[in-house]
Amino acid sequence: MKCNVCNNKILDENKQIILKKGRICKQCFRELPKPIRDHIDEYTAGQVKYLKKTITKVDPINTWCRTSSHIMGLGDDYIYLKGYKIPISEVKAFRFVFHPVADGKKPNVSIGRITVEITLKKRGVLLSCEFSDKMVEAVYRITKNSIIYFLPADAEFLEKTITEALRSGQDFVEAKKAALKSKAKWDQKKAQTEKAKREEAEAAARRAKEKAERDRKAQQTREEKERREEEQRRRERQQQEQRRRQSSKSPLDNAKDLFHVEMPFTKEQIKTIRNELLKKHHPDAGGSLEKCQEINTAYDLLLKFAN
Ligand SMILES: [Zn+2]
């Protein structure tokens, strides 16, 4: 049994990789770029041979147009993809394919993966490769018989530029110039959009802060008012209670309170107390006539109950 790529003998059957047509040894398999290894069973031995020759490893990426993630880019003569370069002269077609996985948060937005599909001129070989490890958002529009996905701006731009480069053929230099120009414009627009977004976010944060401050003050005022009202109610309740207590008391109770006596008491006792009280509350000593009258009225009443 032979490897269909290097023609070396495969001694151990377990160490061969079966292709769509033919087989290769583990050694040859390991040397292949990852995008090919990932789909190895979709290729024939002839295609693998061709791909091995055409796609070469490259490090670092030196491109004049690339995605922000640096996974993919475009050089003067090559498309760069995940550490490999593919000659533009060998490329027949190129496209991004979006694979929706879930609905986005906004209407008409899907979350999903993007794969890159590169069709090579010879043998109709299709290279398929994950464009990004991360999920991306794509706005979509449903037309009569298809769904159109609008990819993130950098992928969109790269697709447009590479397509333009492929179409231009000999005039690739002109295509590059045009692409660089539109890229500069695109960068500028992106910067502007981001600046506007930043400013909007700042303004929103400021507004939120101001609102929080206003709410806090209003809350404070409300609490202050409630406290005052509660205090007022408490005072009113107190006064009512006092009035109720006083009105419920008999004239005798009031008299006893005033003289600080409890039954039984003698006439002598209350007389002494009256004299002391009158002396204390005499108008000349800073007391009042009303108080003296109150003392005398109480005295007259208490006399009736004295022993
Ligand atoms: Zn081999």
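Which residue in S6 is the bridge partner of Met 72? The partner is Leu 81. That pair is one way into this structure, which is a predicted model.

Begin with the chain as a whole. It holds eight helices and 12 strands. Its radius of gyration is 49 Å. The globule rule gives 19 Å for 307 residues, and the value here is well over that, so the chain is more spread out than a compact globule. The C-alpha trace shows this in its extents: about 140 × 55 × 45 Å along the principal axes. Two domains are assigned, domain 1 at 1–54 and domain 2 at 251–305. Their C-alpha centres lie 124 Å apart.

Now return to Met 72 and its sheet. Strand S5 covers residues 72–74, and strand S6 covers residues 78–81. The two strands pair in the antiparallel sense, over three bridges. They belong to an open sheet of five strands. Read across, the order is S3-S7-S6-S5-S4, and the pairing is antiparallel. Strands of a sheet pair through backbone hydrogen bonds. At the edges stand S3 (56–57) and S4 (65–66). Each edge strand has a single partner, so one side of each is left without a neighbour in the sheet.

The next step is from S7 (residues 84–87) to S3. Two bridges join these strands, which run antiparallel. In that pairing, Thr 56 has Lys 85 of S7 as its bridge partner.

Helix H4, residues 153–168, lies across S4, S5 and S6. Its direction makes an angle of about 40° with S5.

Strand S8 spans residues 91–103, and strand S9 spans residues 109–120. They run antiparallel and are joined by 11 bridges. Phe 96 has Val 116 of S9 as its bridge partner. Five residues separate the two strands of the hairpin. Asn 108 sits in that loop between S8 and S9. Its phi is near 60°, a positive value in a residue other than glycine.

Two packed helices are described by the angle between their axes and the distance between the axes. Take H7 (residues 267–280) and H8 (residues 289–305). Their axes come within 10 Å and cross at roughly 180°. The two helices are therefore roughly antiparallel to each other. From H7, the contact draws on Lys 267, Ile 270, Arg 274, Leu 277 and Leu 278. From H8 come Cys 292, Ile 295, Tyr 299, Leu 302 and Leu 303. By class, eight of these residues are nonpolar, none polar and two charged.

How does H6 (residues 251–259) sit against H8, and at what crossing angle? Their axes come within 9 Å and cross at roughly 110°. An angle from 65 to 115 degrees counts as roughly perpendicular, so H6 is roughly perpendicular to H8. H6 contributes Pro 251, Leu 252, Ala 255, Leu 258 and Phe 259 to the contact. H8 contributes Ile 295, Ala 298, Leu 301, Leu 302 and Phe 305. Here the count is 10 nonpolar residues, with no polar and no charged ones. Ile 295 and Leu 302 of H8 are listed in the contact with H7 and also in the contact with H6.

One backbone detail remains in this region. Pro 264 lies in the loop between H6 and H7. The peptide bond that leads from Met 263 into Pro 264 is cis, with omega near 0°.

Technical notes: Residues are numbered from 1 along each chain as its sequence is written. This is a predicted model: local features need pLDDT of at least 70, side-chain atom pairs count only at pLDDT 80 or more; totals for chains, interfaces and linings use all residues. Axes are lines fitted to C-alpha atoms, for helices over the stretch in contact, and angles run from 0 to 180 degrees between N-to-C directions. Helices (H or I, at least four residues) and strands (E, at least two) are DSSP runs, numbered from the N terminus. Angles under 35 degrees count as roughly parallel, over 145 as roughly antiparallel, 65 to 115 as roughly perpendicular and the rest as oblique. Two residues are in contact if their C-beta atoms, placed from the backbone, lie within 7 Å. Ala, Val, Leu, Ile, Met, Phe, Trp, Tyr, Cys and Pro count as nonpolar, Asp, Glu, Lys and Arg as charged, and the others, Gly among them, as polar. Two strands pair if DSSP finds at least two bridges between them. Domain bounds come from an automatic or database domain assignment. The radius of gyration is taken over C-alpha atoms; the globule rule is 2.2 Å times the number of residues to the power 0.38.
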